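Hello,

Here is the structure for your files. Please look it over before reading the notes below.

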Amino acid sequence: MARTSRGAPRSDEEFTFVSPAVKYLLFIFNFIFWIISLVLVLIGVYARIVKHAETALACLAVDPAVMLLIVGVLMFIITFCGCVGSLRENLCLLQTFCICLIVIFILQLTAGVLGFIFSDKARGKVTEVINNAIVHYRDDIDLQNLIDFGQKEFDCCGALTYLDWSQNIYFNCSKDNPSRERCSVPFSCCILSNDTVINTMCGHDIQELDYVKVGNRINTNGCIDKIVDWIHSNLFLLGGIALGLAIPQLAGMLLSQILMNQIKDQMELQNYNQKHSSDPWS
């Protein structure tokens, strides 16, 4: 027999190893990410169905809308197991939740290690993706805004060089190209001056000029080199982001493992009580 805080006897059937703090903390943890997963799914559905941007986004290695849907659905299933498993104290669902988190964490760690080891191949793949995006630059306004933002943010132009823009049918420098933007580059490549009136035509006919003159008007460095330099300069920031992503996963694994151990102890206690309650000599 156990006793309550007031000293009154309490039967062993009322005692529980399961901590309400751990149980509901794990539930709240999963519920927050369950809501986030729903938002990701809705954004993915909007981008995939409402915008109809398959042609433009086909240039990317993976369609962002499809990626959002996959990540959202996986998060929904995993966090659903965590929510229901913690509330119902269901070992099967909690084990599924914990195993999924462990697998995802290992995959992320493996991807990071492989990306570091095979950095040259990763660089080549990123270059290919950017060049494909350049080809489809005018096909979708969101893709165009994304490229312009990247070129302005990193003060770069093209993947490896500004001449990469010749791959686009509008900026192609061939003589039979009827486009008004022939031999040009987007305005996002331009070096902005302090003049009151901004010259939005600074990128026109830039591919036909000498390299020295080009450097006075646009950023000639490719975005790949700029991104690599930025990564090297912000390793601590990227490490902090990676740690920030890892902490919730580790916390979820820890809480689920603690709760599972408590549930197992509670099940052993119940089995013990049932066994001895039927024993007339107990």
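The notes below cover the cysteines.

This is a predicted model, in which local features need pLDDT of at least 70 and side-chain atom pairs count only at pLDDT 80 or more, while totals for chains, interfaces and linings use all residues. Residues are numbered from 1 along each chain as its sequence is written, and side-chain values use heavy atoms, with hydrogens and water left out.

A search of the whole structure turned up four disulfides (a disulfide being a pair of cysteine sulfur atoms within 2.5 Å). Counting bonded cysteines along the chain, their pattern is 1-8, 2-5, 3-4, 6-7.

Cys 156 is bonded to Cys 223, with 2.0 Å from S to S. Cys 156 sits in the loop between helix H6 (141-154) and helix H7 (211-215) and Cys 223 in helix H8 (residues 223-233), so this pair ties together parts 67 residues apart in sequence. Helices here are DSSP runs of H or I, at least four residues, numbered from the N terminus. Both Cys 156 and Cys 223 are buried (buried means under 20% relative accessible area, exposed over 50%, partly exposed in between, with a 1.4 Å probe and protein chains only).

The sulfur atoms of Cys 173 and Cys 183 are 1.7 Å apart and form a disulfide. Cys 173 is partly exposed at 24% relative accessible area, whereas Cys 183 is buried at 0%.

Cys 190 and Cys 202 form another disulfide, at 1.8 Å; the torsion about their S-S bond is about 120 degrees, so the link is right-handed.

Cys 92 is exposed, at 52%. Its sulfur is 8.2 Å from the closest cysteine sulfur, that of Cys 81, which is too far for a bond.

Regards

Notes
Helix = DSSP H or I, 4+ residues; strand = E, 2+ residues; numbered from the N terminus.
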